[in-house]
Amino acid sequence: MPQQNPDKFVIGGREFTSRLMVGTGKYASMEQMVRAIEVSGAEIITVAVRRVNISDRSKESLLDHIDLKKYTLLPNTAGCYTADDAIRTCRLAREAGLSDFVKLEVLGDEKTLFPDNEELLKAATVLVKEGFTVLPYTSDDPIVCKKLEDIGCAAVMPLGAPIGSGLGIRNPYNIRIIMDTVKVPVIVDAGVGTASDAAIAMELGCDGILMNTGIAGARDPIAMAEAMNLAVRAGRLAYLAGRIPRKLYATASSPIEGIIA
Amino acid sequence: MSLEIVVNGESRTTPPLSVLDYLRSLEIDPARVAVELNMDILPKGEYASTLLKQGDQLEIVHFVGGG
C-alpha cells in the first residue's frame with residue numbers, strides 16, 4: 001500500500017493495516033505456523049479454545065510461539081453447535097486472553113459446517129450485551145448479516161464456500177448485496193483455495209479475508225502465505241483503483257489516426 | 001485429607017489446595033489458561049483465594065491452533 005494512503009482497516013474501534021486474517025490450525029509444526037503467519041503479514045490471528053491435557057503436560061503451548069505484542073488474538077468458538085456452548089467458550093476465551101474479540105461460530109452440522117444462524121443470532125445477542133467485540137461467521141445471507149449488524153456485531157463474516165473446501169467465492173452477488181446492506185466491515189471467512197480467490201473477494205470490495213486451510217493445507221504453506229498476502233493487497237488496490245466496465249466487443253488501445261495504410 | 005474433584009471431565013484426587021496451587025501442581029502456567037469452577041468463570045485474581053472443595057468441577061482451557 002502507498003505510504004500516503006495507509007487505507008486503514010478499523011474493526012471494533014481498533015486500527016489494522018493488513019486485511020488478511022489467518023488461522024493457526026493444521027500446520028505441520030509450530031515453526032512452520034510462525035513463519036507462515038509472519039510472511040502472510042496478518043495482524044489478527046485466530047485460535048481455538050480447548051481443554052488443557054492435564055495427564056500429559058509435555059505438549060508445547062501455542063502461546064509460547066506467538067508474539068502477543070505483534071498479533072491480536074481472535075479466539076473462535078469452533079466446534080460449538082449451540083448458542084450456550086458458544087457463549088461459554090467466549091467467556092473462557094476472554095478470561096484466557098484478556099481481550100474481548102471473538103470469532104463467533106455456531107455450527108449447524110458436521111458435514112457442511114454451515115452456520116446455524118438461529119443459534120448464532122441468539123449467541124451474538126448475549127455476547128454483545130456482555131461487552132464482547134463479536135465477529136460472527138455466517139452464511140452469505142444479507143438478511144442474517146443485517147440482523148447481526150443490528151444486534152451490534154463489530155463485523156460480519158460471510159462464508160465464501162464451506163470451511164476447508166477451497167471452492168472460492170461461490171456467490172459473489174450475495175457478497176456484494178451484503179456489502180450494500182451493512183455498514184460494519186464485511187470479512188469473507190472460509191472457502192478461499194488459492195490466491196485468485198482472495199483477490200476476487202477483495203476486488204468485490206470486501207474489507208478483509210479470514211483463511212486457514214488455504215494456507216496451512218498448501219504443499220508449501222509459507223509460499224502460499226506470501227501469495228495470499230500479495231493477493232489481498234492486489235485485490236484491495238484494484239478495488240480502490242476502480243476496474244473498467246466489462247464490454248462484449250473490443251476497444252482499440254492504440255490511436256486510429258495516422259495509421260499508414 | 002484428600003478431595004475428589006472432576007477436572008476436564010476426569011476424576012482426580014487432590015489435597016485441599018487453592019486453585020492457584022492446584023494449577024502449579026499440574027505444571028500449568030496460570031497466565032496461559034482460563035478456569036471454570038462449577039460452570040462459572042473463575043477470574044484470575046481469585047485463583048489464590050479460592051480453595052478446592054469436595055466434588056468441585058473444574059474446566060481448565062487454553063488456546064490451541066485453529067481457524
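This report covers the nonpolar cores, salt bridges and ring contacts of a predicted model.

Local features need pLDDT of at least 70 and side-chain atom pairs count only at pLDDT 80 or more, while totals for chains, interfaces and linings use all residues. Residues are numbered from 1 along each chain as its sequence is written, chains are lettered from A in the order in which they are written, and side-chain values use heavy atoms, with hydrogens and water left out.

**Cores.** A nonpolar core is a set of buried Ala, Val, Leu, Ile, Met, Phe, Trp, Tyr and Cys residues joined through side-chain atoms within 4.5 Å. Buried means under 20% relative accessible area, exposed over 50%, and partly exposed in between (1.4 Å probe, protein chains only). The largest core holds 68 residues. A:L104 and B:F63 have the most contacts inside it. Helix 2 (residues 83-97) of chain A gives the most to this core, with seven residues. Helices here are DSSP runs (H or I, at least four residues), numbered from the N terminus. A second, separate core has 19 residues, including B:V7, B:L23, B:Y47 and B:L58.

B:F63 reaches into chain A. Leaving aside neighbours within four places in sequence, B:F63 is in contact with residues including A:V47, A:L62, A:L73, A:P75 and A:G97. Contact means heavy atoms within 4.5 Å.

**Salt bridges.** A salt bridge is a side-chain nitrogen of Lys or Arg within 4 Å of a carboxyl oxygen of Asp or Glu. Three of them are tabulated here.

| Pair | Closest N to O |
|---|---|
| A:R35 and A:E38 | 3.1 Å |
| B:K53 and B:D56 | 3.5 Å |

A:R35 and A:E38 both lie in helix 1 (residues 30-40) of chain A, three residues apart, about one turn. A:R35 is partly exposed at 41%, and A:E38 is partly exposed at 40%. A:K146 and A:D150 are four residues apart in helix 4 (residues 142-151) of chain A, so about one helical turn separates them. A:K146 is partly exposed at 31%; A:D150 is exposed at 55%. In chain B, B:D56 is buried at 3%, whereas B:K53 is partly exposed at 47%. Salt bridges also link A:D7, A:R19 and A:R236 in a network.

**Rings.** A charge sits over a ring if NZ of Lys or CZ of Arg is within 6 Å of the ring centre and within 35 degrees of the ring normal. A:R94 lies over the face of A:F132, 3.8 Å from the ring centre. The charged end of A:K103 sits over the ring of A:Y137, 5.7 Å from its centre.

How values were computed:
Helices (H or I, at least four residues) and strands (E, at least two) are DSSP runs, numbered from the N terminus.
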